[in-house]
Amino acid sequence: MMKKKYVAAALMAAPLSLVLSGCSVSDLLVDKYDESTEKTAKTSEEAVSGELLPTWVPKGGRDVKLVQRNTGMERIFVMDYSGEVPGEQCFPIKSTGHPSEAELKKAYASDSRTKDFEANEISATRTLEADWWPEGAENQTTDLCGRFWVHVADGKLYAFAPDANSTVKSVQQERDAS
């Protein structure tokens, strides 16, 4: 008889906790595209060895900060760094902030996350935000490193990896609906 009371209490507590948290049952059944996670590392070496950042990231970076989309491939990261963009896995683009379709095709083909995409299937729109990411920093891109748009300025290395057009559209629809 006591077990039935516990079961009944548990069954009543679940919907009550949803109501009190502001969630609905439909929230549990729908994927959220506009969710991200922030991560940090003391050094670029630590971030690369922990697979937080890709292998092209140069040694010598400090105070790494990253925001990544939970449901896609968009990333932004910054680290204190005053060197050059590494040349082995990166290449300069002709027009700052505006990689050509040919440049994007070459870069995306070299990255395991984007190699099966056409360049026009990947958005140039940044949807992630962080207080440490300057507005429009992706428009200062000087190099492509795989799927990352990269530049170095004022003692920092900035990198932006865009997401698929379909994910960006879903993020924008969620924002418009809320």
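Biologist: Glad to have you here! What kind of model is this, and what limits apply?

Modeller: The model is predicted: local features need pLDDT of at least 70, side-chain atom pairs count only at pLDDT 80 or more, and totals for chains, interfaces and linings use all residues. Residues are numbered from 1 along each chain as its sequence is written, and side-chain values use heavy atoms, with hydrogens and water left out.

Biologist: Let's start with the cysteines. What makes Cys-90 and Cys-145 a disulfide?

Modeller: The term is given to a pair of cysteine sulfur atoms within 2.5 Å. The sulfur atoms of Cys-90 and Cys-145 are 2.0 Å apart, so the pair meets that cut-off. A search of the whole structure finds one disulfide. With 115° about the S-S bond, this link is right-handed.

Biologist: Which parts of the chain does the pair tie together?

Modeller: Cys-90 sits in strand S4 (residues 90–92) and Cys-145 in strand S5 (residues 143–145), so the link joins parts that are 55 residues apart in sequence. The strand and helix names come from DSSP runs, numbered from the N terminus: E for strands, at least two residues, and H or I for helices, at least four.

Biologist: And how do you know whether His-151 is buried or exposed?

Modeller: Buried means under 20% relative accessible area, exposed over 50%, and partly exposed in between, using a 1.4 Å probe and protein chains only. His-151 has 7% relative accessibility, so it counts as buried. Its place is in strand S6. Leu-144, in strand S5, is buried as well, with a relative accessible area of 0%. Both Cys-90 and Cys-145 are also buried.

Biologist: What does Leu-144 touch?

Modeller: Contact means heavy atoms within 4.5 Å. Leaving out residues up to four places away in sequence, the contacts of Leu-144 include Gln-89, Cys-90, Phe-91, Leu-104 and Trp-149. Gln-89 is 55 residues from Leu-144 along the chain, and their C-alpha atoms are separated by 8.5 Å. For His-151, with the corresponding neighbours left out, the contacts include Ala-137, Gln-140, Leu-157 and Tyr-158.

Biologist: On to the sheet. How do you know which strands pair, and what is their order?

Modeller: Two strands pair if DSSP finds at least two bridges between them. Strand S3 (residues 75–80) and strand S7 (residues 156–161) have six bridges, so they qualify as a pair; they run antiparallel. In that pair, Phe-77 stands opposite Ala-159, and Arg-75 opposite Ala-161. S6 and S7 pair in the antiparallel sense over five bridges, and Val-152 has Leu-157 as its bridge partner. The whole is an open sheet of seven strands in the order S1-S2-S3-S7-S6-S5-S4, with antiparallel pairing.

Biologist: What makes S1 and S4 the edge strands?

Modeller: Each of them pairs on one side only. At the turn between S6 and S7, which form a hairpin, there are two residues, and Asp-154 there has a positive phi of about 50°.

Biologist: Why is S7 called largely enclosed?

Modeller: Five of its six residues are buried, so the rest of the structure largely encloses S7.

Biologist: What makes the buried residues of helix H4 one side of it?

Modeller: In H4, Glu-103, Leu-104, Ala-107 and Tyr-108 are buried. They cover an arc of only 120° around the axis, which puts them on the same side of H4; the arc is that of the directions from the helix axis to the C-beta atoms. The face turned away carries exposed residues, among them Glu-101, Lys-105 and Lys-106. S4, S5 and S6 are among what covers the buried residues.

Biologist: Last one: what makes a set of residues a nonpolar core, and which residues of the largest one touch the most other members?

Modeller: Such a core is a set of buried Ala, Val, Leu, Ile, Met, Phe, Trp, Tyr and Cys residues joined through side-chain atoms within 4.5 Å. The largest has 21 residues, and Ile-76, Trp-132, Trp-133 and Leu-144 touch the most other members. S3, H4 and S7 are the elements that give two or more residues to this core, and H4 has the largest share, three residues. A second, separate core of 19 residues includes Ala-47, Leu-53, Val-57 and Phe-77.
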